[in-house]
Amino acid sequence: MSIKNVLVKSVIFVFLALLALFVLVPLVWTFSGSLKKQSEIFADLNPLSWRAFVPSSWSVENYKLIFKRFPLLVFLRNSVIVTLLTTGIGLFVNSLAAYGLARFRFPGRQAVFVMTLVAMMLPFEVLVIPLYLLCRALRLIDTYYALILPGIVHPLSIFLLRQFIMDIPASLEESARVDGASYFRIYWSIILPLCKPALITAGLSHFILTWNAFFWPLIAVNKSDLIVYQVGIVFFKNDILPQWNELFAASVIGIFPILVIFVLLQRYFVKGIALTGVKE
Amino acid sequence: MKRLTRAELFWGFAFITPALVLLLIFRFIPILASVVVSFADYSVTRGFQGFIGFLNYQFLFSDKDVQNSIITTLIFVLILTSLQLALALFCAILLKRSSRINIVFRLIFFSPYVISLSIASIIWWLIYADMGLANGILGVFGIRRQPFLTSEKWALWALIIMLLWKGFGYWMVVYIAGLNNIPETLYEAAQLDGAGLLKQFMYVTWPLLKRVTLFTVVSDTTINFLIFAPVYIMTMGGPRGRTMLLAYYAYRTAFVYGDLGYASAVSVLLFLIIGLITALEFRLLRSQYEY
């Protein structure tokens with residue numbers, strides 16, 4: 001390697017390392033702060049010392065305290081219920097639609113597919129006010145239905161699964177038809193098992209989207225026993241005199257499940273992102 | 001083509017019906033509803049008071065707050081989207097090859113994406129606080145404390161930096177997928193013709209990446225036009241309207257002032273702006289190359 005080459009490589013590496021620092025510092029600060037006393041957090045910042053990014057003790061005092069001070073456990077329960085039901089029902093509804101779109105030539109199929117694409121480009125947030133009007137008219141506000149029903153259809157899932165099913169050879173299904181299996185039976189015992197990787201990809205991004213949702217759950221419910229975690233933690237922040245260490249602990253709890261799932265399944269996740277961007 | 005049997009017709013419809021019904025009720029009808037309501041006098045407290053024609057839209061065009069909000073949103077989206085995508089593409093080019101160290105960098109850059117916007121906003125609210133981390137870091141360089149989120153000059157930039165942190169890793173992953181779709185032989189040919197790195201980018205990477213870029217630009221602009229949580233959590237639109245993005249303005253009109261009719265008009269305006277910009281982007285970036 002020439003000297004110029006080495007120089008370029010090191011400049012690139014320094015740039016990437018600095019960027020990685022920029023990305024990681026807030027997260028490390030949050031995590032170590034969640035294990036400290038409020039006074040310690042301020043002492044480490046003024047003046048700034050390396051101690052700000054290292055947990056001083058491994059005391060989980062803050063974590064115990066926040067559940068006593070605020071109904072975060074209720075919020076957490078609601079988030080789990082809403083996310084699991086939305087994603088679970090979603091996997092079924094979305095894969096059914098994907099199968100229908102991939103394999104059946106009924107009139108209007110193209111129109112439905114175009115609608116899916118339009119909905120995919122249309123983030124949920126744009127709909128919040130009209131959705132509120134609708135749910136108000138249907139008397140769904142302040143119910144679990146308002147939190148779950150609007151999120152079940154996940155256009156991205158339909159799109160990914162449809163692409164995947166179209167690549168499955170039709171001969172499998174034809175021989176099952178000859179043996180007298182119904183279409184639903186084919187979907188259930190042939191298509192679904194073959195779709196497993198795509199189902200994981202689709203389900204994962206649906207799960208993260210639902211768990212992280214903020215705007216709609218903020219509007220959809222006011223009753224405190226229906227509030228989900230992402231909204232509840234903001235109410236916690238707006239509560240009288242927020243304690244930083246407690247806010248950090250509450251943040252870590254909200255991040256933790258998603259981070260674990262992401263690290264375990266990131267392969268599938270990245271694949272899904274790549275497919276949406278590159279395929280037509 | 002096979003002839004369509006009655007059973008196929010029935011099952012085809014049966015399979016898509018649940019998704020179609022939910023899609024119509026919770027995505028498409030609300031859009032129509034908001035257009036209808038934008039012509040009405042409709043408030044949270046008094047309920048529906050009848051249609052008033054274009055009155056909401058007339059207010060819209062004489063409302064100084066809306067004008068400020070539109071300009072703020074356009075500046076915000078333009079800066080944020082270009083920074084996010086430029087940084088994403090740059091990192092994608094640097095990290096294209098899947099060596100071990102590159103994969104670690106990619107994972108790090110991507111990680112903020114999985115954190116919810118509400119929690120990210122809380123963390124950055126603490127970073128930007130008077131006694132927070134950002135001022136701690138400035139202190140190391142001997143710079144005076146800055147009032148980031150309450151400064152008319154810096155508040156919008158504070159939001160932009162935070163969202164750059166949150167989002168560029170996602171678009172990087174999209175770009176890496178796009179880059180890996182470009183046949184390696186094209187680069188070899190370019191090198192044989194004596195093209196340097198810059199020329200390779202201009203004549204191979206950029207033209208062949210147009211389709212991916214169209215996707216990233218359109219999706220990222222749309223997402224950024226609808227940013228809400230950070231404003232709600234960190235600035236409430238202040239100081240003096242400097243971070244009053246349209247999505248937050250619409251929210252405030254509907255749920256703080258309770259004017260659903262006017263808020264719907266603002267939403268429709270937001271729709272139209274997004275639609276217009278998307279159309280513009282399609283025109284500018286339509287690919288002339290196929291491979």
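## Polar contacts and salt bridges

Across the interface of chain B and chain A, 6 residue pairs are in polar contact, both residues at pLDDT 80 or more. A polar contact is a pair of N or O atoms within 3.5 Å; within protein, one must be able to donate a hydrogen and the other to accept it, and residues adjacent in sequence count only if both atoms are side-chain atoms. Between chain B and chain A there are 0 salt bridges (a side-chain nitrogen of Lys or Arg within 4 Å of a carboxyl oxygen of Asp or Glu).

This is a predicted model: local features need pLDDT of at least 70, side-chain atom pairs count only at pLDDT 80 or more, and totals for chains, interfaces and linings use all residues. Residues are numbered from 1 along each chain as its sequence is written, chains are lettered from A in the order in which they are written, and side-chain values use heavy atoms, with hydrogens and water left out.

## The interface

Chain B puts 91 residues into the contact, and chain A puts in 91 residues (heavy atoms within 4.5 Å). The buried area between them is about 8300 Å², with 83% from carbon and sulfur atoms. Buried area is the accessible area (1.4 Å probe) that two parts lose on being put together, summed over both. In chain B, F15(B), F26(B) and R27(B) lose the most area to chain A, together 10% of what that side buries.

Helix α1 (residues 6-37) of chain B gives the largest share of the side touching chain A, 23 residues. Helices here are DSSP runs (H or I, at least four residues), numbered from the N terminus. By class, that side of chain B has 73 nonpolar, 14 polar and 4 charged residues. Ala, Val, Leu, Ile, Met, Phe, Trp, Tyr, Cys and Pro count as nonpolar, Asp, Glu, Lys and Arg as charged, and the others, Gly among them, as polar.

## The largest pocket

The largest pocket holds about 1300 Å³ of space. A pocket, on a 1 Å grid over the protein atoms alone, is an open set of points where a 1.4 Å probe fits, with protein on both sides within 12 Å along at least five of seven lines; lining residues have an atom within 4 Å of a point. Grid points are joined across faces, edges and corners, and a volume is the space filled by probe spheres set on the points.

Its lining has 31 residues; V8(A), I12(A), I93(B), L94(B) and L197(B) lie nearest the centre. α1(A) gives the most, 9 residues.

Methods
Helix = DSSP H or I, 4+ residues; strand = E, 2+ residues; numbered from the N terminus.
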